[in-house]
Amino acid sequence: MNFKFFIGCIVCLFTVQLAFAQVPREVIRTEEDEEEYDTPLDDIVEKRIINERRVLPYDPIREADIFWEKRIWRIIDVREKMNLPFAYPEEPFFTILMTAAMEGEITAYGTEDDKFSYPLEPEEVASMGATVDTIITFDPETYEEQIQVVRNDLNPEDIKQFRMKEIWFFDEESSRLDVRILGIAPLRDEYDENGNYKYTLPLFWVYYPDCRETLARYQVFNAGNDASPLTWEDLMEMRYFSSYISQESNVYDRKIQDYLSGVDMLLEAEKIRLEIFNFEHDLWEF
């Protein structure tokens with residue numbers, strides 16, 4: 001009897017421990033974890049591929065291996081269908097550049113030239129495009145007129161184009177024609193007092209090789225697959241955008257619009273593009 005009683009006690013004790021083990025324990029949450037627990041995950045899983053992926057450096061190239069090169073300036077119009085991700089409302093490309101420049105992650109350069117000669121302070125970038133107006137308001141209690149100063153920040157939707165500076169070159173070591181992006185500048189349209197268009201001016205320049213790490217942390221909207229982790233650095237390196245040539249290096253240092261207009265500008269841009277293509281094509285014999 002004592003042996004059976006002893007076995008029964010062990011079984012009861014094991015059952016009680018198993019029951020307590022199935023009861024969920026209270027989780028101790030800190031203040032830092034409150035936001036993580038209170039905010040639901042807007043996805044199936046937490047995606048970390050972009051944050052963990054490294055940006056591969058460019059292959060080193062010797063000066064003696066550069067057989068030929070040509071400097072090209074392009075215009076990227078965000079209103080074109082292929083370039084719509086540049087104006088994605090949740091995170092426009094201009095907002096990424098502007099925020100990174102104001103926070104000091106990347107260096108913005110002045111538009112006195114396009115050779116990145118005049119670095120700008122974050123405060124100077126923050127004041128770009130911002131205007132100050134004075135408006136008359138009325139006090140809700142006394143109904144007296146009051147003059148109020150209002151600051152109008154630049155709207156990302158006002159940036160319709162980007163200017164890109166790049167170099168096409170032929171590398172003798174790899175025997176191929178390659179391209180390197182040097183800089184990107186957002187363009188803003190200027191209007192007169194009557195709302196008539198006057199001209200387009202760049203706000204600032206950013207040196208693209210120094211921006212690759214920053215652009216690699218921001219995902220681009222992919223219309224074909226939301227699960228594909230495509231970043232802005234990937235988009236630039238794959239050249240997944242539409243553009244047209246606005247200038248090539250020339251002895252007059254002039255743009256195409258300085259000597260042509262209308263459809264002739266597009267035809268001249270296409271002519272320059274074909275000249276680069278034919279140069280590489282003519283190097284080989286078939």
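Predicted model: local features only at pLDDT ≥ 70, side-chain atom pairs only at ≥ 80, totals over all residues.

Student: How many helices and strands does the protein have?

Tutor: Helices (H or I, at least four residues) and strands (E, at least two) are DSSP runs, numbered from the N terminus. This protein has eight helices and nine strands.

Student: What share of the residues is buried?

Tutor: Buried means under 20% relative accessible area; exposed means over 50%; partly exposed lies in between (1.4 Å probe, protein chains only). Of the 286 residues here, 30% are buried. The protein exposes about 20,500 Å², and carbon and sulfur atoms supply 53% of that area. Such areas come from the Shrake-Rupley method with a 1.4 Å probe; for residues, only the protein chains shown count as cover.

Student: What do contacts tell me about the chain?

Tutor: A contact means heavy atoms within 4.5 Å. Take the contacts between residues at least 6 apart in sequence: 61% of them join residues at least 24 apart.

Student: Now a helix. What span should helix 8 have?

Tutor: The expected span is 1.5 Å times one less than the number of residues. Helix 8 covers residues 263-281, which is 19 residues, so it should span 27 Å. Its end C-alpha atoms are 27 Å apart, which agrees.

Student: Which residues of helix 8 are buried?

Tutor: Start with the general idea. An α-helix has 3.6 residues a turn, so residues three or four places apart point the same way. In helix 8, the buried residues are Glu268, Ala269, Ile272 and Ile276. Seen down the axis, they fall within an arc of 105°, so they line one face of helix 8. The arc is that of the directions from the helix axis to the C-beta atoms. On the face turned away from the buried side, Val263, Leu266 and Leu267 are exposed.

Student: What covers the buried residues of helix 8?

Tutor: The cover includes strand 1 (66-77), strand 5 (159-171), strand 6 (176-191) and strand 9 (244-248).

Student: How do strand 1 and strand 9 run, parallel or antiparallel?

Tutor: Two strands pair if DSSP finds at least two bridges between them. Strand 1 and strand 9 run antiparallel, joined by four bridges. Ile75 stands opposite Tyr244 in strand 9. Trp73 has Gln247 of strand 9 as its bridge partner. Strand 1 also pairs with strand 5, in the antiparallel sense, over 11 bridges. There, Ile72 stands opposite Glu166.

Student: Why is strand 9 called largely enclosed?

Tutor: Four of its five residues are buried, so the rest of the structure largely encloses strand 9.

Student: What do the buried residues of helix 6 pack against?

Tutor: Helix 6 (residues 208-215) has the buried residues Tyr208, Cys211, Arg212, Thr214 and Leu215. They pack against helix 4 (93-102), strand 6, strand 8 (205-207) and helix 7.

Student: Where is Asp234 found?

Tutor: Asp234 is found in helix 7 (residues 232-238). Asp234 is buried, with a relative accessible area of 17%. A polar contact is a pair of N or O atoms within 3.5 Å; within protein, one must be able to donate a hydrogen and the other to accept it, and residues adjacent in sequence count only if both atoms are side-chain atoms. The side chains of Asp234 and Arg53 make one of 2.8 Å.

Student: Is Asp65 buried or exposed?

Tutor: Asp65 is buried, with a relative accessible area of 9%. Asp65 is found in the loop between helix 3 (49-52) and strand 1. Its side chain makes a polar contact of 3.0 Å with the side chain of Arg62.

Student: What is the phi of Phe116?

Tutor: Most residues other than glycine have a negative phi. Phi of Phe116 is near 55°, a positive value. Phe116 is found in the loop between strand 2 (108-109) and helix 5 (122-126). Ser175 also has a positive phi, near 55°. Ser175 is in the loop between strand 5 and strand 6.

Terms used. Residues numbered from 1 in each chain as written. Heavy atoms only, no water.
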